[in-house]
Amino acid sequence: MIDLIAALQPLVVGAVLVSSARVKLLNRHARTAAQRTALARLIGPNRALPAYRLLGGVELTLGALLLLLPAPRPAAVAATALAVGFLGYLGYARRAAPASSCGCLSSRPTPVAGRSLVRAALLVAAAGLAALLPGAWPDALATRPGAGIAVLLAEAAAVVALSPELDAAWLLPLRRLRARLTNPLRGGSGLPLLASVQQVQLSDSYRRVAPLLRSDVREHWDDGEWRFVGHAARYQGRPATAVFAVPLTDLEPAAVRVAVVDDATGQTVLALAGAGRPAGPRLDVVPA
Amino acid sequence: MPQTLDRRRLLATAALGGVVGATGLGSLAPDAAFAAEAAAIEPGAPDPNFVEGRISKISGHLLLVLGSDTVLHSIRITDGTSIWKLHPTTFDQVAIGDGLYARGVRLPDGTLAADSVWVNIVNLHAHIAAVGRNLLHLDHKGQRIVAHVVQGRSAAVYNGTPAVSDLSLLRVGRHVQVLGAWHPDTNEIDIATVYAAA
């Protein structure tokens, strides 16, 4: 069994390297992707793109050799060294430039995660196994096709599961489906305070007393059909409270009323009813 | 408590009562408002009336706050100070270790007499990585943040329309902006408002 697994590793490692090279050589966002990687910090921003392309060339060459040669031991040894280099580079990137992107299998900005390191370690193991027990993958597949395909599928699943850049293709749709089936955010009801504050801030009453206000919302309470929102205010140098009355059933800013009450005497120094509906043409939107 | 109820009854009656003192609005013209802001800050200079940092000590109504630039500030909470901690709340909810933003007026001794204090407030641009029961897992620049939905407090603003309590239109993978209250020294927040496209 171990001979079969070892013989199939050039196919797995070769496919991963060619796929990685495709991103570095053919993707039109390669320049941006290179600048986002830790290469820009390691060797300088000007040399990041040439180094990124060069790495893509090396990956393509090694990947092609692994896929095409019958028992590619030297290529497997070189791939092992390259994978060890990846592991070291990703470890460095994670410590030295945690905000940098992996730049591995996609040009999508993907921080170096623990999964990326495990994937690099898996690549080291796979390439190392191919170097220790070289074999021809077409022969192995022809001899035991069932077991061979099972091994390949398992390894491909492991690579995909360990690739954060591929999450958008399978993990997010699965999570979306689960959310659609279970609807975990259900249950919100009632008129949030923010809706009333937005209504207040759009109102003519607020615009007229705004220069008096000193604080953000200090208190709020509901009473019958009304919600009251209180701010600290100053009126002619005296501490006061500006209280807005917002109807809970009418979302029109024009319905907001306000009073400014002197804190010391309790006397209403200013009160404004809503300004009524604004004059001028009004656009009524009728559902089609 | 009866005092609070009496006060609220007084304020409610004032707000719903008749129109009083409309002539007093003469001083509220835009010119007067802008004139009051004449003491502007020089460009690039720190705003003397703003403080941010974490509370290191609370004595009476005085907060000692260590700013992120390691400057120590003292902030006085007055009867007129508004305190936000996920929602408008009271001074007894403020704890040592909380982060805050405060705005107010500098007193001659350097203390900031706070008009408004926002405790543990955070403003994040993130992607929704996953949703759970009353929970959003946010991906914020590669870091995972757990955002709790607080029933009766959390609101959503979809496409800039008025806020609603229903967060069920949020979708995994979408970009959101979240205003919330941080749980100090964790990667968790409570959601105040989430802005999203729907």
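This is a predicted model: local features need pLDDT of at least 70, side-chain atom pairs count only at pLDDT 80 or more; totals for chains, interfaces and linings use all residues.
## What counts as a contact

Two residues are in contact if their C-beta atoms, placed from the backbone, lie within 7 Å.

Residues are numbered from 1 along each chain as its sequence is written, and chains are lettered from A, with ligands numbered from 1, in the order in which they are written.

## Chain A from end to end

Chain A holds eleven helices and five strands (DSSP runs numbered from the N terminus: H or I of at least four residues for helices, E of at least two for strands). Its radius of gyration is 33 Å, well over the 19 Å that the globule rule gives for 288 residues, so chain A is more spread out than a compact globule. That radius is taken over C-alpha atoms, and the rule is 2.2 Å times the number of residues to the power 0.38. Along the principal axes, the C-alpha atoms of chain A fill a box of roughly 95 × 45 × 40 Å.

## Where chain A meets chain B

How many residues of chain A are in contact with chain B? There are 52, and they touch 50 residues of chain B. Among the elements of chain A that give two or more residues to this side are the helices α9 (167-182), α10 (193-201) and α11 (204-209), along with strands such as β2 (226-235) and β3 (238-247). The most comes from β1(A), with nine residues.

By type, this side of chain A has 30 nonpolar, twelve polar and ten charged residues. Here Ala, Val, Leu, Ile, Met, Phe, Trp, Tyr, Cys and Pro count as nonpolar, Asp, Glu, Lys and Arg as charged, and the others, Gly among them, as polar.

## Inside chain B

Chain B is assigned domain 1 (50-119) and domain 2 (121-196), with 25 Å between their centres, taken over C-alpha atoms. Ten residues of domain 1 of chain B are in contact with eight residues of domain 2 of chain B. On the domain 1 side, β5 (99-106) and β6 (112-119) of chain B are the elements that give two or more residues. The residues on that side divide into five nonpolar, three polar and two charged.

Methods. Domain bounds come from an automatic or database domain assignment.
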